[in-house]
There are 2 protein chains.
Amino acid sequence: MITAVVLGAGNVATHLLEVFFNNEHIKVLQVYTRNPDTLLPESVQVPLIHQIEAIVEADLYIISVTDNAISAVAKQIPYSNKLVVHTSGTVAMEVLPEHFRKGVFYPLQTFSKNKAVDFKTIPICLEAENENDFKLLEIIGKSISTKCYAISSEQRKALHVSAVFVCNFVNHLYQMGNEICLENNIPFEILHPLIQETADKIKTLSPLEAQTGPAKRHDTNTINAHLQFLTDATQKEIYKLLTKSIIDHV
Amino acid sequence: MITAVVLGAGNVATHLLEVFFNNEHIKVLQVYTRNPDTLLPESVQVPLIHQIEAIVEADLYIISVTDNAISAVAKQIPYSNKLVVHTSGTVAMEVLPEHFRKGVFYPLQTFSKNKAVDFKTIPICLEAENENDFKLLEIIGKSISTKCYAISSEQRKALHVSAVFVCNFVNHLYQMGNEICLENNIPFEILHPLIQETADKIKTLSPLEAQTGPAKRHDTNTINAHLQFLTDATQKEIYKLLTKSIIDHV
């Protein structure tokens, strides 16, 4: 059984604590968070501490705090030569202090407080300075997910940028579709099957092969009618830029 | 049994012909297409004709051709006072000739030749000039899908613009994510669960509630690091515009 301390109690930390609880490969001994008002979900029965000096010794320290604070929090862990990992998609492994064995345990998913996720399907991107530590992280990763990948800090940066495109930006386009529907008394749910099929398609076709619509067809009549229809300046600008990009890329 | 003639043999027409074949509410008597080289899928055993004058009498004529040709094709149907519908998301019902009873039968989905679709989940947007014709279209719609909606031409225009945002533009963002992965030797499939979860989330949360990521967090460090990472000018421009829009909308 690998013992661990989790530092942080945000979205990612909370989801990890939930999936680690009752896991037979990892036992979380403590959760540390600076904020004394933090509450853990009832499903997580782990001692919560607010003084970093009170951290116990463990095989693994998982730092899941805001990117800018990772290095500072790590420095306060009152041990050395321990395996210390962070869970960030953007921060290089190298920001962790030199007196630790460094690693990364990055679950690639969009976590919202009010939406449960099935961890089994979440890719876990792992990195470690040495092979033994990588294997330890892999044991934990495989105990919660069917998909573990060795991803370097450089690749992780690229992956995170891609994730912003296919998740955050995509969700923002859903928001624009939602707004246009609301303004015209159309239930947004009419678009759910289309959204689902668009996401499904790229599992068997490349996005290039899967593309349809007026931009792909160079259908300037429809494109102009859409631009005339749109009244919001930002929506118009996004429509123009993405249409041009589709035309240029196809 | 409602008898019908389908005019056109493109993506939408072909998928409709497949789902109409062996349907107990509609019998397609003929398919008309101008192009003598057109082939129908083997699963569709319907006479194919290339001379519009040879069209037989039927209860319903379904025009599923490119938007610009709808009106011209309709005018050549050698009958009058028939129910004539088109399947377009963008064209107003009114472009159909006055001597017909007009209607629209618009399946809202992204059709690709090499990807089968489950018609049962596809919303069918219906419009007709009179109630009896609407009911007839509804019988056909409900025989192939669980979701039929009465959508006016004006609403359909809005719906089609929304569909471009949540499907074509979304798919293009998948393409950018794919390109960034390829350039960095990362298998794109790592992003499939994230893409799936992003599409799932908005079925229970609004897109605004579902938003995550650096733009939502106003995390300028990460945003700047991403912009520095991106080398493609178009990707950079899209990143900037969508990030600004998320910041302005949240």
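A salt bridge here is a side-chain nitrogen of Lys or Arg within 4 Å of a carboxyl oxygen of Asp or Glu. The model shown in every view is predicted.

**View 1. A:Glu98 and A:Lys102 form a salt bridge.**
The closest N and O atoms of A:Glu98 and A:Lys102 are 2.6 Å apart. A:Glu98 is exposed, at 64% relative accessibility. A:Lys102 is buried, at 1%. Both residues belong to a network of salt bridges that also links A:Glu94 and A:Glu129. Over all chains, the structure holds 22 salt bridges.

**View 2. B:Lys82 and B:Glu57 join two loops of chain B by a salt bridge.**
The N to O distance between the side chains of B:Lys82 and B:Glu57 is 3.1 Å. B:Lys82 sits in the loop between α2 (70-75) and β5 (83-86), and B:Glu57 in the loop between β3 (48-49) and β4 (60-63), so the pair ties together parts of chain B that are 25 residues apart in sequence. B:Lys82 is buried, with a relative accessible area of 15%. B:Glu57 is exposed, with 52%.

A polar contact of 2.9 Å joins the side chains of B:Glu127 and B:Ser153. Beyond its neighbours within four places in sequence, B:Glu127 also touches other residues, including B:Met93, B:Gly103, B:Val104, B:Phe134, B:Leu137 and B:Ile151. B:Ala150 is 23 residues away from B:Glu127 in sequence, yet the C-alpha to C-alpha distance is 6.0 Å.

**View 3. Chain A and chain B meet in an interface of 90 residues from each chain.**
The two chains bury about 8,500 Å² between them. Carbon and sulfur atoms account for 69% of that area. Polar contacts join 25 residue pairs across the interface, both residues at pLDDT 80 or more. Salt bridges between chain B and chain A number 0. On the chain B side, α4 (153-183), α5 (192-201), α6 (207-210), α7 (220-229) and α8 (233-249) each supply at least two residues. α4(B) gives the most, with 27 residues. By class, the chain B side has 44 nonpolar, 32 polar and 14 charged residues.

**View 4. Helix α7 of chain A (residues 220-229) has a buried side.**
A:Thr222, A:Ile223, A:His226, A:Leu227 and A:Phe229 are buried. They lie on the same side of α7(A) because they cover an arc of only 160° around the axis. The face turned away from that side carries the exposed residues A:Thr220 and A:Gln228. The buried residues pack against α4 (153-183) and α8 (233-249) of chain A, together with α4 of chain B.

**View 5. B:Asn184 contacts residues of both chains.**
B:Asn184 lies in the loop between α4 and α5 of chain B. B:Asn184 counts as buried, at 18% relative accessibility. Leaving aside neighbours within four places in sequence, B:Asn184 is in contact with A:Gln155, A:Ala158 and B:Phe229.

How values were computed:
Residues numbered from 1 in each chain as written. Chains lettered and ligands numbered in written order. Predicted model: local features only at pLDDT ≥ 70, side-chain atom pairs only at ≥ 80, totals over all residues. Heavy atoms only, no water. Contact = heavy atoms within 4.5 Å. Buried area = accessible area lost by both parts, 1.4 Å probe. Polar contact = N/O pair within 3.5 Å; in protein donor to acceptor, adjacent residues only side chain to side chain. Helix = DSSP H or I, 4+ residues; strand = E, 2+ residues; numbered from the N terminus. Nonpolar A, V, L, I, M, F, W, Y, C, P; charged D, E, K, R; others polar. Buried < 20%, exposed > 50% of the residue type's maximum accessible area, 1.4 Å probe, protein only. Arc of directions from axis to C-beta.
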